[in-house]
Amino acid sequence: MPFAETRATGSRRIINGVLPVIVTLSEAVQCGDVLGVTGGTWVRSAHTTGEQPLLVASVDAPSGDIIKAFPLCIVEVTTTAANKSTVGEIVALSDTGNYQAAGTGLPDIGFTASIGGDNLTAVMVIFPMATQMDTART
Amino acid sequence: MAFVETRSAAAARTVLDAVGVCRVALCATSTTNVVYAGDSLGIDTNSEWDLSAHASGEQPLLVALESGVGGDTISAALMALIEVTTTSTNVATLGEEVALKDTGEYQATGAGLPDVGFVVSVGSDSLSAILCICPSFPQLTTARA
């Protein structure tokens with residue numbers, strides 16, 4: 001089966017992040033959630049509201065909290081053995097905010113750097129804004 | 001009005017953080033050219049580092065971390081968080097994509113202008129914004145065939 005993480009409280013861990021930014025949330029998020037902007041506020045990037053993914057939340061937090069977020073980070077996620085990731089595969093964001101294998105219409109946000117020896121975790125390099133910068137100088 | 005920063009010595013930018021730092025020598029043959037901290041740099045026709053601008057066609061690659069003039073060697077980075085100055089009529093919008101104007105200012109996206117980053121914060125007085133700038137990424141477009 002293709003890669004799909006198990007997104008639950010405590011299921012992700014930020015291993016490293018660069019260029020931290022302080023953001024105010026208008027929706028509850030979990031550590032490792034990819035954030036976008038809607039109505040001038042930061043929320044979890046999801047298809048139904050159409051926010052493009054830009055930053056990665058560093059912690060679990062309720063709506064209204066001010067947290068640190070990263071444009072580029074290394075995240076460890078939890079999988080099942082049946083939905084384990086593959087080293088080197090492209091990681092996309094599901095319509096509900098989970099990391100999963102690349103799919104039609106889903107934004108690419110990074111790739112898998114390593115897999116746990118028990119096939120129940122994976123470490124990903126996540127850089128959500130990269131694919132949206134698609135125009136070079138003409 | 002659309003976002004345009006104010007780029008000048010007086011309205012100096014602040015580099016807040018950076019990764020992928022290196023040292024680059026600015027084009028020695030254009031000693032009157034001024035690079036400000038936060039400017040996007042490209043390679044000119046002399047194969048030297050210069051302000052990325054349309055007239056000379058340099059694709060933006062790095063972010064200057066300090067100011068300099070032609071012939072100086074300065075620090076530059078692959079990615080940086082920079083704070084820029086705006087006017088209240090040209091304020092940035094949280095989350096909007098940032099492009100590079102033909103004269104080196106950061107502004108809202110526009111036809112023919114290179115994408116270089118995103119707005120990650122806007123000052124409460126609407127006179128500043130924090131940008132995440134990573135100018136080389138739009139040019140990395142080809143996967144293995």
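## Exercises on a predicted two-chain model

Of the 145 residues of chain B, 46% count as buried, where buried means that 20 or more other C-beta atoms lie within 10 Å of a residue's own, exposed means 12 or fewer, and partly exposed lies in between, with C-beta atoms placed from the backbone. The model is predicted, so that local features need pLDDT of at least 70 and side-chain atom pairs count only at pLDDT 80 or more, while totals for chains, interfaces and linings use all residues. Residues are numbered from 1 along each chain as its sequence is written, and chains are lettered from A and ligands numbered from 1 in the order in which they are written.

**Exercise 1.** Describe the secondary structure of chain B, and explain why chain B counts as being as compact as a globular protein of its length.

*Solution.* Begin with the elements, which are DSSP runs numbered from the N terminus, a helix being H or I over at least four residues and a strand being E over at least two. Chain B has zero helices and eleven strands. Next, take the radius of gyration, computed over C-alpha atoms, and the globule rule, which is 2.2 Å times the number of residues to the power 0.38. The radius of gyration of chain B is 14 Å, close to the 15 Å that the rule gives for 145 residues, and therefore chain B is as compact as a globular protein of that length. Finally, the C-alpha atoms of chain B fill a box of roughly 45 × 40 × 30 Å along the principal axes.

**Exercise 2.** Work out the strand order of the five-stranded open sheet in chain A, and name its edge strands.

*Solution.* Two strands pair if DSSP finds at least two bridges between them. On this basis the order in chain A is β2-β6-β5-β3-β4, with antiparallel pairing. The edges are β2 (21–24) and β4 (41–44) of chain A, each of which pairs on one side only. As a closer look at one pair, β3 (residues 34–38) of chain A joins β4(A) over four bridges in the antiparallel sense, and A:Thr38 stands opposite A:Thr41 in β4(A).

**Exercise 3.** Decide whether A:Gly88 is buried or exposed, and list its contacts beyond four places in sequence.

*Solution.* First locate A:Gly88, which is found in the loop between β7 (72–78) and β8 (90–93) of chain A. A:Gly88 counts as exposed because it has 10 C-beta neighbours inside 10 Å. Two residues are in contact if their C-beta atoms, placed from the backbone, lie within 7 Å; leaving aside neighbours within four places in sequence, A:Gly88 is in contact with A:Phe111 and A:Thr112.

**Exercise 4.** State how many residues of chain A and of chain B are in contact with each other.

*Solution.* Counting each side in turn, 19 residues of chain A are in contact with 22 residues of chain B. The side of chain A that touches chain B has twelve nonpolar, five polar and two charged residues, where Ala, Val, Leu, Ile, Met, Phe, Trp, Tyr, Cys and Pro count as nonpolar, Asp, Glu, Lys and Arg as charged, and the others, Gly among them, as polar.
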